[in-house]
Amino acid sequence: MTPEERPDTRTVSQVGEFGLIRRVTDDRRQPESTLLGPGDDAAVVSASDSRVVATTDVLVQNVHFRLDWSGPRHVGRKAVAVNLSDIAAMGAVPTGLLVGLGCSGEFSAEFVDELAAGMWEEARRAGTGLVGGDMVTATELTISVTALGDLQGRPPVTRGGARPGDVVALAGGLGWSAAGLEVLARGFRSPLSVVGAHRVPEPPYGAGPSAAEAGATSMIDISDGLLADLEHVATASGVSLDIRTDQLEVPQRLLEVASALGADARHWVLNGGEDQALVATFPEAAGLPDGWSPVGRVLAGEGVTVDGAEYSGEAGWRHWRQ
Ligand SMILES: Nc1ncnc2c1ncn2[C@@H]1O[C@H](COP(=O)(O)OP(=O)(O)OP(=O)(O)O)[C@@H](O)[C@H]1O
Ligand SMILES: Cc1ncc(C[n+]2csc(CCOP(=O)(O)O)c2C)c(N)n1
Ligand SMILES: [Mg+2]
Ligand SMILES: [Mg+2]
Ligand SMILES: [Mg+2]
């Protein structure tokens, strides 16, 4: 075995702050929108628009992921995916990502390499890259990602534009991540269809800009749960949203997993978080773009209902739940 082939067993402490930065920034082919990448006091990115969309989501070990449930590549992909889905939910395309990493010196440097590889993998799927970040020592593994985006000349699609008569529509899957979380919490590691969805969500990135192009009146990505996140749209728009369960399919696979666990698949679909699907409202006459299907209606009033009735089950995820 040559020295180059020997596995690198050094820890983060041994490699140090600048060694670590070099490892995760060297040899990365930046996307075209990166005019100046990592290495200076700040990055410079180009955009076709004079406005910049900016969003941050933080992931903390044992709150957002567990390292006995997910590997560093999964965690890296998820940290980027949840941020890129917020960019898509504004109707924008991403132009760059900044990553704040807090980790203890005991982690292997290879762990950080894998985390960075997962982030780049997900960033590339959406046509963007990591343009900068920060590395600090911390007692809990913490990943803060900031995503920047370009509205390409369109108005932002906010949570506040839904109007009575609009169609509520969905792009992407719901309930898969919650099913995976429950499977993992019960000590199982399969089926991969749900465990994989929990480890790494698959936001429908292209559906955000295409909804904006088609005249969506409001949009949000589902991080906490469909009903919980639609509450934000109902409040911001001053309307009521009614979800129709005859239009919101519960996938057969989720029914099977739920039946094996004695759980409720419909609850996963209505209240499960972290699938990062997109929900938007469209004027009835607009027609839905590819990848979008109707799941309900916007009505005059307030709050979110299911088939015209209040939902009695527990709502979606909340930090510091009492
Ligand atoms: N610490 C903060 N300082 C300033 N604004 C914040 C802070 N935390 C959240 N916000 C803002 O509040 C709004 C709602 O934040 P929230 O995190 O709930 O949205 P989200 O990212 O879409 O949801 P999730 O975090 O579940 O993915 C966003 O506009 C966000 O920028
Ligand atoms: C170990 C572990 N326990 C529970 C969960 C579930 N979970 C955590 S945060 C969140 C909502 C989105 O977060 P945020 O609002 O911060 O974006 C959900 C559904 C998990 N992923 N890992
Ligand atoms: Mg957030
Ligand atoms: Mg969001
Ligand atoms: Mg978010």
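This is a short tour of the structure, stop by stop, with something to select at each one.

The model is predicted: local features need pLDDT of at least 70 and side-chain atom pairs count only at pLDDT 80 or more, while totals for chains, interfaces and linings use all residues. Residues are numbered from 1 along each chain as its sequence is written, and chains are lettered from A and ligands numbered from 1 in the order in which they are written.

Begin by colouring residues 14–150 as domain 1 and residues 167–306 as domain 2, bounds that come from an automatic or database domain assignment. The C-alpha centres of these two domains lie 25 Å apart.

Next, look at where they touch: 16 residues of domain 1 are in contact with 17 residues of domain 2, contact meaning that the C-beta atoms, placed from the backbone, lie within 7 Å. On the domain 1 side, select helix H2 (residues 72–89), which supplies the largest share, ten residues; helices here are DSSP runs of H or I with at least four residues, numbered from the N terminus.

Finish at ligand 1, and show Asp57, Val82, Asp86, Ser223 and Asp224 around it.

Notes: A residue is near a molecule or strand if its C-beta atom, placed from the backbone, lies within 6 Å of it. Two residues are in contact if their C-beta atoms, placed from the backbone, lie within 7 Å. Helices (H or I, at least four residues) and strands (E, at least two) are DSSP runs, numbered from the N terminus.
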